[in-house]
Amino acid sequence: MDEWADRQNTVRTSDRAPEDGAAPEDEAPGSTAGNGGRPARDRVELAFFTDEGSPARLLAAYWGDLPPGQQRHGLRARPMTLGDDWRVLQYRLAHTARGDHRARDRLEAEVGVGLAVRRAFGDAPYHQLFARFGGYHLDVREPFVFYEPARGRPLAALAGRATVKEQERIRSELVLAVRLLEAIGVVHRGLTPYSVRWDGRHVRLPEPASATFAGHPREALGEAPWASPEQRAGHGTADARDDLWSVAQVMYHLVTGREGDPDGPPRDLARLPALGVLSTAYAPRAQERGHPVEVLRMLNRQDPLQGRPLPADPLEPGRRAFDEELARKRTALGLDDDPAAQPGPGRTPGRGLRALFGTGRTGTGGRR
């Protein structure tokens with residue numbers, strides 16, 4: 001029995017759309033800081049949408065917000081327990097930050113990517129490569145998304161100490177994950193040895209908090225050497241080969257315990273046979289790097305999507321209706337006319353759910 005699917009089967013769904021997924025006020029009596037001891041609040045019913053877009057409700061026990069170092073920019077993270085023992089990690093846009101249009105757009109984009117990945121690759125074995133999307137609600141006072149906590153430890157903990165077998169497995173699965181994301185037009189943009197995890201059997205990519213669609217203008221995003229030179233500079237358009245650069249840099253760190261050259265191939269690449277198949281991925285420009293399918297071929301792995309096109313998504317009508325409703329509410333709130341919400345430096349037009357669900361193919365995986 002798949003543990004994630006078994007957990008999802010406990011969710012109580014309803015024909016009635018959730019009208020309120022917000023938690024009680026942060027300053028409610030009895031709140032506690034940190035993640036320990038008693039829940040920060042009494043259990044309340046949380047309304048949300050599942051990974052299949054179905055409205056659901058479960059009793060939720062909220063814990064204190066995580067320390068500042070574990071928060072995301074613009075979002076606040078806290079553990080929750082749903083139902084009897086479904087432990088998840090929620091990221092929410094606090095009502096005090098509703099004017100942060102960049103954070104709101106990124107949350108919308110994250111939900112869109114999470115749904116696309118879940119529906120395209122929800123069946124074993126590919127679901128093990130991605131963050132386990134749990135649920136979301138965007139049309140509430142404090143919009144949120146939540147995931148099951150990641151297992152394993154960051155790849156950085158294995159740097160310079162991974163066995164040859166581990167190196168081969170991690171390298172293969174990272175390239176495969178990038179290929180699968182490429183198939184649905186997604187560029188993750190968040191792959192580092194500190195964010196990617198390894199549980200001894202599989203890698204696990206982090207939540208798609210920085211993800212975008214291929215072809216969207218690049219933002220100046222990421223840190224050297226993990227992000228590609230053109231991504232850090234914000235030049236050109238997002239490309240799956242940006243993620244291949246990140247994979248190559250992560251692997252160099254894993255093999256040597258050192259950080260690679262932020263602008264090109266490491267000087268000792270020729271002395272590292274485990275990285276030879278990734279040699280083109282160190283090119284400073286995406287156009288000079290091999291495609292994920294080509295790298296898979298060099299790894300003697302068949303493209304899992306060869307001759308198996310992604311099926312049409314049966315949930316497309318529902319997502320289209322949701323998209324229209326979201327657009328209507330944003331117009332009613334005056335958000336679409338807000339100068340701060342208009343395209344500008346560092347802001348990608350149409351980066352929210354309207355772009356994610358209005359274009360691009362998400363496929364379907366269905367519930368296992």
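This is a predicted model: local features need pLDDT of at least 70, side-chain atom pairs count only at pLDDT 80 or more; totals for chains, interfaces and linings use all residues.

Modeller: Two packed helices are described by the angle between their axes and the distance between the axes. Here the pair is helix α3, residues 164-183, and helix α5, residues 240-256; their axes cross at roughly 170 degrees and come within 10 Å of each other. That is why α3 and α5 count as roughly antiparallel. The crossing of α3 past α5 is right-handed. On the α3 side, the contact is made by Q167, I170, R171, L174, V175, V178 and E182. From α5 come A240, D243, L244, V247, V250, M251, L254 and V255. Sort the residues of this contact by type and you get 11 nonpolar, 1 polar and 3 charged.

Now for the strands. Take β2, residues 44-50: 5 of its 7 residues are buried, so this strand is largely enclosed by the rest of the structure. β2 pairs with β3 (residues 55-62) in the antiparallel sense, over 6 bridges. Within that pairing, A47 has R57 of β3 as its bridge partner. The two strands make a hairpin with 4 residues between them, and G53 in the turn has a positive phi of about 85 degrees. β2 is also joined to β6, residues 133-137, by 2 bridges, and these two strands run antiparallel. Opposite F49 you'll find Y136 of β6.

Elsewhere there is an open sheet of 3 strands, in the order β8-β10-β11, with antiparallel pairing. β8 (153-154) and β11 (203-204) are the edge strands, each pairing on one side only. Between β8 and β10 (residues 197-198) there are 2 bridges, and the two run antiparallel. P154 has R197 in β10 as its bridge partner.

One last stop is P208, which lies in the loop between β11 and β12 (212-213). Buried means under 20% relative accessible area. P208 comes in at 12% relative accessibility, so it counts as buried. Leaving out residues up to four places away in sequence, P208 touches E110, V113, G114, Y147 and H188. As for R189, it is 19 residues from P208 in sequence and 8.1 Å away in space, C-alpha to C-alpha.

How values were computed
Residues are numbered from 1 along each chain as its sequence is written. Side-chain values use heavy atoms; hydrogens and water are left out. Buried means under 20% relative accessible area, exposed over 50%, partly exposed in between (1.4 Å probe, protein chains only). Two strands pair if DSSP finds at least two bridges between them. Axes are lines fitted to C-alpha atoms, for helices over the stretch in contact, and angles run from 0 to 180 degrees between N-to-C directions. Angles under 35 degrees count as roughly parallel, over 145 as roughly antiparallel, 65 to 115 as roughly perpendicular and the rest as oblique. A crossing is left-handed if the near helix is turned anticlockwise from the far one by less than a right angle, and right-handed if clockwise. Contact means heavy atoms within 4.5 Å. Ala, Val, Leu, Ile, Met, Phe, Trp, Tyr, Cys and Pro count as nonpolar, Asp, Glu, Lys and Arg as charged, and the others, Gly among them, as polar.
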